[in-house]
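The sequence and coordinates are shown first.

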Amino acid sequence: MAKISYLNTPYSIKNLTLKNRIVMPPMCQYTATDGMPNDWHFVHYVSRAIGGVGLIIVEMTNVAPNGRISPNCLGLWNDEQRDQFKRIVDAVHAQNGKIAIQIAHAGRKALGTDDVISCSSVIFDGNNEADPKWQYKMPRELSKDEILAIIQQFKQSTKRAVEAGFDAIEIHGAHGYLIHQFCSPKTNLRTDEYGQDKLLFGEQVLKAAKSVMPAGMPLIVRFSAQEYGKNGYDVDYGRKIAKRFAEAGADVLDVSGGGDGQLDPTHTPDFHAGYQVYLARAIRPVTNLPIITVGMLEDPYLADYVISTGDADLVAIGKGLLHDPYWTLHIPDSPFVPKPYKVAF
Ligand SMILES: Cc1cc2nc3c(=O)[nH]c(=O)nc-3n(C[C@H](O)[C@H](O)[C@H](O)COP(=O)(O)O)c2cc1C
C-alpha cells in the first residue's frame, strides 16, 4: 500500500506552526443569522479540528451586511460577532488545532441587499434563478470616499478577528468578489487611480489588515490566478497579482481560479483531480511565499504527491472535508490517527 510521506509533516509560517499540510479551505455554510456564528459553525469547525486538519480557514466572513452573498452568511462588523467567533477559536485550540478566517466583501455578487456596490456598474452575469430575490442586481459604482471606508471595514474586521484569537487572517481576493472585481479588467472600468492601477485597492486592503495584525501572524491572500470566463485574464496577469500582493505584505498565497459567471470552455481547465495545481505551479516561481493549492485533491495520495513535487506547500481539501470531517483519520493506514483511537480501532 502507498505510504503518506509529506502530508503529515509539520510546516511553519512566521510564528504559526501547523502539525500537517492539510488545510480546510473557506466554505460558506449559509446558516448564520445577522452574520453571527452559532452552534452549527461551532460543531462544523471544531469537528474538523478533532479530525486532525492542520489549518482550518473559516468561510467567507464579511466586513459589512451588504458584502454577504446571502443573508445567512457570516459577518465580523460588530463585537458580538467577534465574541461568538472566540468561542469557536478557543474550542479549536483546545483540540490542538489552528484556525484562520477569510475576511471578504462580495461587491456585485452580494444577494439579499438593495445596496449592491462595486468598482464599476457592471452586473454579474451569473443569474440563473427565476426568483427575483436571488437575481443579481446592477451594482452602484463606489465613490473614492466609499472605497476608503470599505478599506477601513476590512481593517476593523481583521482587528476583531485578531482579538477573537485567530491564528492567521485570509483576505478574499478571489472568485469574483470585491477585491477581484477591482483587479479584473472586465469589471473595473474606472478612470481614476483605482482604475489606472487595478491592483491598488487589493494592495491597500492587505496593508490595512496587516497594520492591525501582530508581526508574527501570517496574512494569507486568496486570489484567482486565472479567470475562467470569456475574455478573462490569464495566468500571466495572475502572476502580476501575486507579485503585487506579496509586496503588499502577504505571507502565504492561496492560489485559486475563476469567479466569472459564464465559463468559457477555451479558458477553463477540465475539472479533473488536481485541476488547479497548474496555477500553483505557475505562481510558485514569482515569489518566495508558501503556496496553498486547491481543487479536487481529496485522493490523499494525490495530495501527498502534489506536496512532494514542490508545486505547493499546503493542500486544501474542500468538499472532501465537507463529506467527511475525519478525512485525515480515514486515510488508509493514516499517520494522523491519535493514539487513543489506534488502540480502539
Ligand atoms: C459549499 C462551498 C462553499 C464555498 N465557499 C467558499 C468561501 O466561502 N470562500 C472561498 O474562497 N471559497 C469557497 N468555496 C471554494 C472552496 O474553498 C474550494 O476552493 C473549492 O471547493 C475547490 O476545492 P475542492 O475541490 O476540494 O472542494 C466554497 C466551496 C463549496 C463547495
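## Basis

This is a predicted model, in which local features need pLDDT of at least 70 and side-chain atom pairs count only at pLDDT 80 or more, while totals for chains, interfaces and linings use all residues. Residues are numbered from 1 along each chain as its sequence is written, and side-chain values use heavy atoms, with hydrogens and water left out.

Helices (H or I, at least four residues) and strands (E, at least two) are DSSP runs numbered from the N terminus.

## Helix α1

Helix α1 spans residues 39-50, 12 residues in total, and reaches 16 Å from its first C-alpha to its last. That is close to the 16 Å expected at 1.5 Å a residue, where the expected span is 1.5 Å times one less than the number of residues. G52 follows α1 and has a positive phi, near 90 degrees.

Buried residues (under 20% relative accessible area, 1.4 Å probe, protein chains only) of α1 are H41, H44, Y45, V46, S47, R48 and A49. They pack against β3 (22-24), β4 (55-62), β5 (74-75), α2 (79-94) and α10 (319-323), with contact meaning heavy atoms within 4.5 Å.

## Helix α9

In α9 (residues 300-309), P300, A303, D304, V306 and I307 are buried. Seen down the axis of α9, these residues fall within an arc of 155 degrees, so they line one face of the helix; the arc is that of the directions from the helix axis to the C-beta atoms. The buried residues of α9 pack against α8 (277-283), β12 (291-294) and β13 (314-316).

At the start of α9, a side-chain oxygen of D299 comes to within 2.9 Å of the backbone nitrogen of Y301. Just after α9, G310 has a positive phi of about 85 degrees.

Methods: Buried < 20%, exposed > 50% of the residue type's maximum accessible area, 1.4 Å probe, protein only. Polar contact = N/O pair within 3.5 Å; in protein donor to acceptor, adjacent residues only side chain to side chain.
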